[in-house]
Amino acid sequence: MSVVAAAEPATVREVVAEVLDPEVPVLTIDDLGILRDVTVDEHGRVEVTITPTYSGCPAMDAISADVTRALADKGFDDVAVRTVLSPAWTTDWMSDAGKQKLLDYGVAPPQPRSDTSVMVALSLRCPQCGSPETHELSRFGSTACKSLWVCESCLEPFDHFKAL
Ligand SMILES: [Zn+2]
């Protein structure tokens, strides 16, 4: 009988779940919903499975490095970060806590995809003042995964994390 590895999968997952997304540094990769699985085998080897967001957010190398570093800090040196492209990530995987953090950060969170239509896009609320009087300035905001909007009430521009 082999000795059970010291690494508890639940603990390892907690370490990985704390890693922040490089594109949206208020969200963890768990909030974003891109952290799919964390396993620890009998040799203590950690395998982290991530489904990247769409190609407009080329953050995978940074996420992979951050996950590896976070685990190394806790003594897990044998780490593999695997990316799985199917099923494709959608903004529906973002947690409600994540959406609230986005709003607090001043970014309008994505709507559920079932609601995503031209009509709904017109009713995006300003994350600063809550006014529905907003309009899109540009399809692309600070990154390709966000569009740039402006509020007609408080005149503040804001990013919208596009639904996908
Ligand atoms: Zn406003």
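In sequence, the residues that donate to the zinc ion follow the spacing C-x2-C-x21-C-x2-C. They are Cys 126, Cys 129, Cys 151 and Cys 154, each coordinating through its SG atom at 2.3 Å; donors are N, O and S atoms within 2.8 Å of the metal (3.2 Å for Na, K and Ca), and since water is not among the atoms, sites may look incomplete. The angles among the four donor atoms run from 106 to 118°, and the site is tetrahedral. Four donors count as tetrahedral if all angles lie between 85 and 135 degrees, whereas four count as square planar and six as octahedral if opposite donors are over 155 degrees apart and all others between 65 and 115, anything else being irregular. The site links distant parts of the chain: Cys 129 belongs to the loop between α5 (118-121) and β5 (134-138), and Cys 151, 22 residues apart from Cys 129, to strand β6 (residues 146-151). Cys 129 is partly exposed, with a relative accessible area of 42%, whereas Cys 151 is buried at 1%. Buried here means under 20% relative accessible area, exposed over 50%, and partly exposed in between, with a 1.4 Å probe and protein chains only.

The model is predicted: local features need pLDDT of at least 70, side-chain atom pairs count only at pLDDT 80 or more, and totals for chains, interfaces and linings use all residues. Residues are numbered from 1 along each chain as its sequence is written, and side-chain values use heavy atoms, with hydrogens and water left out.

The protein chain as a whole contains five helices and seven strands, arranged from the N terminus as α-α-β-β-α-β-α-β-α-β-β-β. These elements are DSSP runs numbered from the N terminus, helices being H or I of at least four residues and strands E of at least two. Of the chain's 164 residues, 41% count as buried. Among contacts between residues at least 6 apart in sequence, 50% join residues at least 24 apart, a contact meaning heavy atoms within 4.5 Å. The chain exposes about 8900 Å², of which carbon and sulfur atoms supply 54%; accessible areas come from the Shrake-Rupley method with a 1.4 Å probe, and for residues only the protein chains shown count as cover.

In soluble globular proteins, nonpolar side chains tend to be buried together. The largest nonpolar core in this model has 30 residues, and those with the most contacts inside it are Ile 29, Val 46, Ile 50, Val 67, Leu 71 and Phe 161. Such a core is a set of buried Ala, Val, Leu, Ile, Met, Phe, Trp, Tyr and Cys residues joined through side-chain atoms within 4.5 Å. Two or more residues come from each of α1 (9-17), α2 (29-32), β1 (35-40), β2 (46-50) and α3 (60-73), and α3 gives the largest share, five residues. At least three residues are drawn from each of domain 1 (9-89) and domain 2 (92-161), with bounds from an automatic or database domain assignment. Beyond its neighbours up to four places away in sequence, Ile 29 touches residues including Val 16, Leu 20, Ile 50, Ile 63 and Val 67. Apart from this core lies another, of six residues, among them Ala 108, Cys 126, Trp 149 and Cys 151.

Asp 31 lies in helix α2 and is buried, with a relative accessible area of 9%. Residues up to four places away aside, Asp 31 touches Val 26, Trp 93, Met 94, Ser 95, Gly 98 and Lys 101. The C-alpha atoms of Asp 31 and Asp 96, 65 residues apart along the chain, are separated by 8.0 Å. In strand β1, Thr 39 is partly exposed at 33% and touches Arg 45, Val 46 and Glu 47, again not counting residues up to four places away.

Two loops carry backbone features. The peptide bond from Ser 86 to Pro 87 is cis, with omega near 0°, and Pro 87 sits in the loop between β3 (79-83) and α4 (96-104). Leu 155, in the loop between β6 and β7 (157-161), has a positive phi near 65° although it is not glycine; at 63% relative accessibility, Leu 155 counts as exposed. Pro 157, in strand β7, is partly exposed at 44% and, leaving aside neighbours within four places, is in contact with Gln 128, Leu 148, Trp 149 and Val 150.
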